[in-house]
Amino acid sequence: MLSIPLPILAAILCAIIAPLMLRLDLGRRSSAIFFAVLFASFALQSMLVGLRFGYGVEQFITFQRVLPLSIGPLLYLGFAALAEEDAPFRKRALLHLGAAVGLAVGLTLIANIFRDYDLVITASYIFYIILLIQLARRGPDNLINARLDIATPAVRWMFGGVGMLLTQLALDSAIALNFMLARGNDAPAMVTFGSAMLIALLLLILTSLPTLVALQKDTAPRPNIPAESDEAKLEARARDTLLRSQIYLDPDLTVQRIARRLSVPERNLSAAINVSQGMNVSQYVNGFRLEHAARLLRETEDSVSKVMSQSGFLTRSNFYREFQRVYGQSPANYRATESGRR
């Protein structure tokens, strides 16, 4: 009976998850694409590891050893796509992906004189761990392209990605040391252990994905509720609801809550705001928060930090950046300018 090594089973699971990632609406299409390519890379890497340690196929060792250089960039860019405007993000993506490809090609070309890839891969893991932590610490308000209900969970997913990279770093380091000190005698057992952990994580992801996809595809209108055909009218209703209720001041506001108040499907609301205002729901809600913050700066003596928290923003950096983008100056300068006009 032919046995299937655990790395190959992990590869199959990754190959199933990769196309499912493309079905997710995270707020920006490129984010889902990067995550899909990430799992495709995991699938290829796990398959090559399984062939090597399970069946002794070693023709692809060089390729298998440079593939980990893709993990950090793809994981980071998947989240960074939710936080940056198009032009700067495209440059950043080209820089990170180009560096990864350049390192992989360089290591492959000099493999005959420099066989220890582990130092470069370790440096890559550490670099992207730092970048992910920095991105996560800016908070959900920094994810300007994310769907409103995705922003807060995405921060938790980033820290989960950090944990995954740390685990991968520890496992790869242990395998490298084993090859140095014991000629790799324990490497197959370590690979099996690592694959078992990866499979557990993949099964957890697989159980969560159908729920996320189902929530996004739940577009059927409620009974006895007339469908909205005019995006401008629906956006006007949303604006009126937000202004009257001021629920935009809640930092944990989700697009589902707004849609429920309007008795319309979430997807219809997102499409209406995108078509009529040229922005996603998160950016739309931030506009109301900024207007509220500007009024407080004009009419009260509250500190800027208090104004920020009273306006629904979670992070100081995002509040300052968005305020500068919309009003062309910092909150403190805005207050001074408006005071001078009185």
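In the predicted model, the lining of the second largest pocket comprises 18 nonpolar residues, three polar residues and no charged residues. The space in this second largest pocket amounts to about 550 Å³. Its lining is formed by 21 residues, of which M21, F39, W157, L201 and I205 are the closest to the centre of the pocket. At least two lining residues are supplied by each of the helices α2, α4 (71-80), α7 and α8. The largest share comes from α8, which provides eight residues of the lining of the second largest pocket.

The largest pocket was examined in the same terms. About 940 Å³ of space lies within the largest pocket. A total of 36 residues line the largest pocket, and those closest to its centre are Q64, Q168, L171, D172 and I175. Two or more residues of this lining are given by each of α2 (29-55), α3 (61-66), α6 (118-137), α7 (148-182) and α8 (187-217). The element that gives the most to the lining of the largest pocket is α7, with twelve residues.

With regard to residue class, the lining of the largest pocket divides into 21 nonpolar, nine polar and six charged residues.

Definitions and conventions: Residues numbered from 1 in each chain as written. Predicted model: local features only at pLDDT ≥ 70, side-chain atom pairs only at ≥ 80, totals over all residues. Heavy atoms only, no water. 1 Å grid on protein atoms, 1.4 Å probe; cavity = no way out; pocket = protein on both sides within 12 Å on 5 of 7 lines; lining within 4 Å. Points joined across faces, edges and corners; volume = space filled by probe spheres on them. Helix = DSSP H or I, 4+ residues; strand = E, 2+ residues; numbered from the N terminus. Nonpolar A, V, L, I, M, F, W, Y, C, P; charged D, E, K, R; others polar.
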